[in-house]
Amino acid sequence: MSKPITGKTTTSVWKQKRKNGDIYVWERKTVYIPETRKTKELSRKLLGKIPAGSTDGEIVPTRPKRKKTEDAVPQSSTRSKIGSTSLLRWVGEQSGITEDLLSCMDEGSAKKVDTIAQFWLANQGDRLQRMQKWQFLHPTPYPEPISKDVYHDLFEYLGLNEGIVQNYFLARAKRCHKEDAVAFDSSTVSSYSRYIKETRQGFNKAGDGLDTVKLLTLFDLATHQPIAFAREPGNLADVSGIENALKQFSSLNISKAQIVTDKGYYSQNNIGQMLRKHIKFLTAASIDLSWVNHHLQKNKSGLETASSLCPWDFNIHGITVPVDAEFTLPKTAEQRRSSQGRHSQ
């Protein structure tokens, strides 16, 4: 026989478990409605919570809700549109580029350079002939129109005053902290021009067969900002570029430089030249190369010790090797031939 319907209010305790393990305890008041055959919740009151990991199941109070104050000041908000020029102006101020430009040249030239840079960034390197129209529609650091004659004279002035360029590089380098790392990047740029004296037939990353110019750039890895650059002949050797970068470090007051290269520099010729010129370096090389494997086999006894391993796990041929595992060097061609001979017998 079913329980008779009384229509009275029922008080019960309801527990709800959260993802962090806490159990919230509620006091619920409900009543059964015969017409709809459903239980209706009249009220719910939070009694507290049982913290995760509690052994005695004691209910502790929760943080009280923040009370609304009658004298609270209503918050007001405004909406404004920000364009590319406003963002670029903010970037120049926060990065110190605007200040560094003003420190190494006169105010008029610095504002012209700043305006041209903003135009190129906002218009993806568009032609400077269209800059005057762009200036009429956007607020720029240099308020006057920059015509063809104006930017021609500006580029000629900067091109004939190398001291201005080097002083700007020095100002950028001063913003690097002593513990920051500096990245050195070497790249080739193809050119059809016959008037750029650095164009040479050398290594071409694009593989288009054109004369190239080698662009060397220094970056601050802490701020991801370029510090300095240099333009060199396209047939310049990689080691000569590193040697020139070290000289540029000295002029920028960056001391204790040690070269760290990727696998693009691990040729035997490059490493041999750096050794002959007493350049400290750390490079990545493939252990499948015969000359690398030869030296590894020659120093195998010293490399198999635990002191020669890195303090973290490293990867060989896609297999992660922990520091306490046995390190086995790849076999040489002679060892592979002798091993195959034993198996055939």
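In the hairpin of E1 and E2, five residues lie between the strands, and Gly21 among the residues of this hairpin takes a positive phi near 100°. Helices (H or I, at least four residues) and strands (E, at least two) are DSSP runs, numbered from the N terminus. The model is predicted: local features need pLDDT of at least 70, side-chain atom pairs count only at pLDDT 80 or more, and totals for chains, interfaces and linings use all residues. Residues are numbered from 1 along each chain as its sequence is written, and side-chain values use heavy atoms, with hydrogens and water left out.

Strand E1 covers residues 10-17 and strand E2 covers residues 23-33; eight bridges pair them in the antiparallel sense. Two strands count as paired if DSSP finds at least two bridges between them. Within this pairing, Thr10 is set opposite Thr30 in E2. E2 also pairs with E3, again in the antiparallel sense, over eleven bridges. Here Val31 stands opposite Lys40 in E3, and Trp26 stands opposite Leu46 in E3. The hairpin of E2 and E3 has four residues between the strands, and in this hairpin Arg37 takes a positive phi near 60°.

Together the three strands form an open sheet in the order E1-E2-E3, with antiparallel pairing. E1 and strand E3 (38-50) are at the edges with a single partner strand each, so one side of each is left without a neighbour in the sheet. On average, neighbouring strands of this sheet are turned by 30° against each other, direction ignored. Angles run from 0 to 180 degrees between N-to-C directions, and axes are lines fitted to C-alpha atoms, for helices over the stretch in contact.

A search of the whole structure finds five aromatic pairs. One of them is formed by Trp14 and Trp26, which are tilted, with 6.4 Å centre to centre and 35° between the planes. This pair links distant parts of the chain, since Trp14 is in strand E1 and Trp26 in strand E2, twelve residues apart. For such pairs, the rings of Phe, Tyr and Trp (its six-membered ring) must have centres within 6.5 Å; planes under 30 degrees apart count as stacked, over 60 as edge-to-face and the rest as tilted.

Next come the packed helices. Helix H2 (residues 97-104) and helix H6 (residues 162-174) pack at an angle of about 140°, and their axes are 9 Å apart. That angle makes H2 oblique to H6; angles under 35 degrees count as roughly parallel, over 145 as roughly antiparallel, 65 to 115 as roughly perpendicular and the rest as oblique. The crossing of H2 with H6 is right-handed. A crossing is right-handed if the near helix is turned clockwise from the far one by less than a right angle, and left-handed if anticlockwise. H2 contributes Ile97, Asp100, Leu101, Ser103 and Cys104 to the contact, and H6 contributes Ile164, Asn167, Tyr168, Ala171 and Arg172. Contact means heavy atoms within 4.5 Å. By class, the residues of this contact of H2 with H6 are six nonpolar, two polar and two charged. Ala, Val, Leu, Ile, Met, Phe, Trp, Tyr, Cys and Pro count as nonpolar, Asp, Glu, Lys and Arg as charged, and the others, Gly among them, as polar.

H2 also packs against helix H3 (residues 107-122), at an angle of about 145° and with the axes 8 Å apart. This crossing of H2 and H3 is right-handed. Thr98, Leu101 and Leu102 of H2 meet Glu107, Ala110, Val113 and Asp114 of H3, a contact of four nonpolar, one polar and two charged residues.

A second open sheet has three strands in the order E4-E5-E6, and its pairing is antiparallel. Strand E4 (182-191) and strand E6 (225-233) stand at the edges with a single partner strand each, so one side of each has no neighbour in the sheet. Ten bridges join E4 to strand E5 (residues 211-220), and Ser190 has Thr212 in E5 as its bridge partner.

Helix H7 lies across E4, E5 and E6 and runs at about 130° to E6. The axes of H7 (residues 238-251) and helix H8 (residues 268-276) come within 9 Å and cross at roughly 40°, which makes H7 oblique to H8. Asp238, Val239 and Ile242 in H7 meet Asn270, Gln273 and Met274 in H8.
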